[in-house]
Amino acid sequence: MAKAITSSADGVSANFAALAARIATLRPGADQELVARAYAFSLQHHQNQRRRSGEAYITHPLEVAAILAEMRMDETCIAAALLHDALEDTPATQEQIAAEFGPVVAHLVAGVTKIDHLDLAGSGPDRPGARQAETVRKMLLAMVDDLRVILIKLADRLHNMRTLRHLPPPRQQAVARETMEIYAPLAHRLGMGKVRGELEDLAFSYLEPEAYAQVRSQVESRRQVSEDFLHQVKARIEAALADLQIPCRVEGRIKRFYSIWQKLRRQESEIEQVYDLLAIRVITGSVRDCYAALGIIHNTWHPVPGRIKDFIAMPRPNGYQSLHTSVIHESGQPFEAQIRTEEMHRMAEDGIAAHWKYKDGGLTAEAEDERIGWLRRVVEWQQEMRDPGEFLATLKVDLHPEEVYAFTPKGKIIRLPRDATPVDFAFAIHTEVGHHCVGAKLNGRMAPLRTPIQNGDIVEILTQPGHAPSRDWLGFVKTARARQKIRHWVSAQERAQAVDIGRRALEREARKRDGGLRLLRDADLAQAGTEYGYLQAEDVQAAIGYGKISARQIFGRLAGDRSGPAKTPRLPRPVGGEGAGPILVRGFHDLMVYRARCCHPLPGEPIVGYITRGRGVAVHAEHCANVQNLMYQPDRRIDVAWAPHADAPQPVRLRLHTDDRAGLLNAITAVISASGANIGHIAARTGQGRATIEVILEARDLPQLEGIQSGLKAIAGVHGVERR
């Protein structure tokens with residue numbers, strides 16, 4: 001990436017000159033005059049502005065342009081990057097930019113500005129999920145229209161993450177979380193491995209500072225030894241390939257901090273057991289040379305069984321191609337070898353940007369690959385989703401890497417996410433196959449529908465006409481397509497049942513009143529429903545069926561009762577032995593309330609309510625994994641809030657991953673006791689020098705719990721603390 005730009009005028013000018021020189025090197029024949037005019041315009045309009053770091057504001061658009069120049073983006077994209085903040089932060093108008101630089105540049109700048117205006121990172125009661133969802137929707141639509149919009153936004157986010165230290169801590173957390181959840185996965189989906197890796201590491205350093213510091217310390221303590229090892233391996237590979245006259249260049253790398261942390265947490269292992277901690281990258285001139293290099297490496301060192309992956313024959317959906325193998329050096333040190341051509345290497349580093357070509361102002365067919373196909377599919381299904389939470393959750397699942405390749409009995413390859421099931425496979429083939437799925441065979445043998453599919457499995461789906469999807473499937477499917485289709489089906493069935501229940505409840509209430517049957521006309525129901533936010537008669541019937549309002553309230557409205565719903569809800573006796581505590585159901589009364597057992601939300605924690613059948617309102621923490629499985633029907637969601645003095649202790653389960661050492665349990669209990677919390681249960685499992693400790697404690701509120709978690713993470717030998 002480009003060197004840091006200084007805040008002095010001379011430094012800014014010098015770095016623009018460096019930018020121009022880089023463009024000339026990477027894109028000979030580019031319209032440098034357009035870029036120079038964009039720089040002059042941006043310099044003039046931002047001349048009196050400074051960033052929080054104290055630097056001249058122009059340093060930011062220059063850095064964003066430099067990042068895009070390294071990706072070999074065209075001069076139109078680079079000019080738009082230099083101007084990307086002009087509409088938001090200066091008096092410049094879109095019409096002025098169009099007149100000066102043309103409609104395409106103005107369109108790109110306007111697209112980036114629309115994304116910035118909505119600010120994904122906002123949160124709190126005044127920022128419902130609908131606004132965040134709308135931001136992402138606009139971003140996706142802008143990408144379909146012109147992918148350069150999101151490339152500029154990714155470069156903008158990358159530079160902002162590099163300078164995030166200048167923002168206050170709450171803002172750092174919000175921006176880092178948004179980066180980890182949306183922008184880094186999006187960069188991955190577009191094949192931009194270099195950008196994705198840096199975004200993840202930067203976000204990781206703010207979201208998990210203790211874990212980041214620990215991983216970094218472990219890597220740095222062995223860096224010199226690791227680099228010496230990689231240098232020796234590199235020399236041996238270069239010599240072996242030269243003997244066979246195979247042209248190549250060889251690079252060494254140490255795995256990124258965030259990737260190391262993910263693997264350590266997933267495998268509960270030591271850093272020495274990470275096979276791909278150290279990697280050699282062999283870049284050759286042809287596919288034939290790639291396979292020849294693989295053979296030489298396997299003849300030199302013993303390969304690790306099950307660690308050979310051929311992404312050349314079966315590329316990942318984001319376009320990534322490479323051969324991967326893990327081998328054991330004679331010293332006992334494992335390392336990974338990645339083998340690819342120069343073209344594959346560019347695709348792995350820059351993704352969609354590597355094949356970016358424009359002709360007559362439009363995207364060429366060369367760039368219409370799987371990455372664009374995925375994007376178009378996302379835009380199609382997102383338009384069908386009314387619920388913002390469902391949309392965002394589904395998008396986050398779909399942004400994750402797809403790593404499983406399965407086959408139909410006829411040999412067709414189906415790409416699926418890790419841990420995908422036969423139900424995901426069925427919906428990937430066709431919606432009707434998914435709807436009518438009753439069973440599956442994996443490699444010729446019957447298997448439960450929730451069985452995770454493994455690489456290379458041959459999957460046969462058994463169907464039965466008239467069969468319908470099960471709500472239980474939402475608990476294990478992994479793909480956005482399967483989840484959306486199941487939710488759509490179940491929602492339609494649930495709503496039809498609710499409408500029928502509501503209609504019968506109205507009829508029963510009508511029979512109790514003189515002339516009541518006359519009041520059941522759709523127009524009357526719609527009129528009464530407007531007082532509760534419902535515009536159609538069917539919506540009123542559904543709300544009654546879900547238990548949100550009663551038939552008595554509707555007839556009261558029609559009879560002229562204007563008292564409306566209670567402004568201060570009456571909290572009933574808790575249900576099922578799980579105390580709801582002081583939780584308010586906004587706008588309604590006589591609703592049973594209880595905390596969901598799956599997440600035990602604490603006062604101060606963001607919560608959502610979900611109307612269950614016969615048990616009242618279940619209150620979940622927003623982060624609860626079950627929330628998205630439950631919230632397939634937005635009509636059953638209800639606003640809930642903590643009362644002002646909600647501090648009754650509630651049970652919380654924590655899981656700690658630690659070293660197995662003497663005195664650790666004493667240190668853990670001391671931290672919890674010092675916080676004023678009670679310990680209800682503690683248990684430990686040990687093995688191979690590591691331990692997993694389960695603790696159930698009683699916490700008053702979220703700040704107390706966060707203080708406990710911070711204290712536990714600070715204990716020597718504690719590698720991770722999870723809330724279960």
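**View A. R256 and D201 pair up in a salt bridge.** In this predicted model, the side chains of R256 and D201 sit 3.1 Å apart, N to O. As for cover, D201 counts as buried at 11% relative accessibility, under the 20% cut-off. R256 is partly exposed, with a relative accessible area of 35%.

**View B. K194 meets E349 in a salt bridge between two helices.** Here the N to O distance is 4.0 Å. K194 lies in helix α11 (residues 193–207) and E349 in helix α16 (residues 342–350), so this pair ties together parts that are 155 residues apart in sequence. K194 is partly exposed, its relative accessible area being 29%.

**View C. R249 and E251 belong to a network of salt bridges.** The side chains of E251 and R249 meet at 2.7 Å, N to O. R281 and E342 are linked into this network too. Both ends of the E251–R249 pair count as partly exposed: E251 has 27% relative accessibility, and R249 comes in at 32%. If you're keeping tally, the model has 25 salt bridges by the rule used here.

**View D. A nonpolar patch sits on the surface.** I682 is found in strand β21 (residues 678–687). I682 counts as partly exposed because its relative accessibility is 33%, which is over the 30% that patch residues need.

Key: Residues numbered from 1 in each chain as written. Predicted model: local features only at pLDDT ≥ 70, side-chain atom pairs only at ≥ 80, totals over all residues. Heavy atoms only, no water. Patch = residues over 30% accessible without salt bridge, like charges linked within 9 Å, V, L, I, M, F, W, Y side chains within 5 Å. Areas by Shrake-Rupley, 256 points an atom, 1.4 Å probe, with all protein chains shown as cover. Helix = DSSP H or I, 4+ residues; strand = E, 2+ residues; numbered from the N terminus. Buried < 20%, exposed > 50% of the residue type's maximum accessible area, 1.4 Å probe, protein only.
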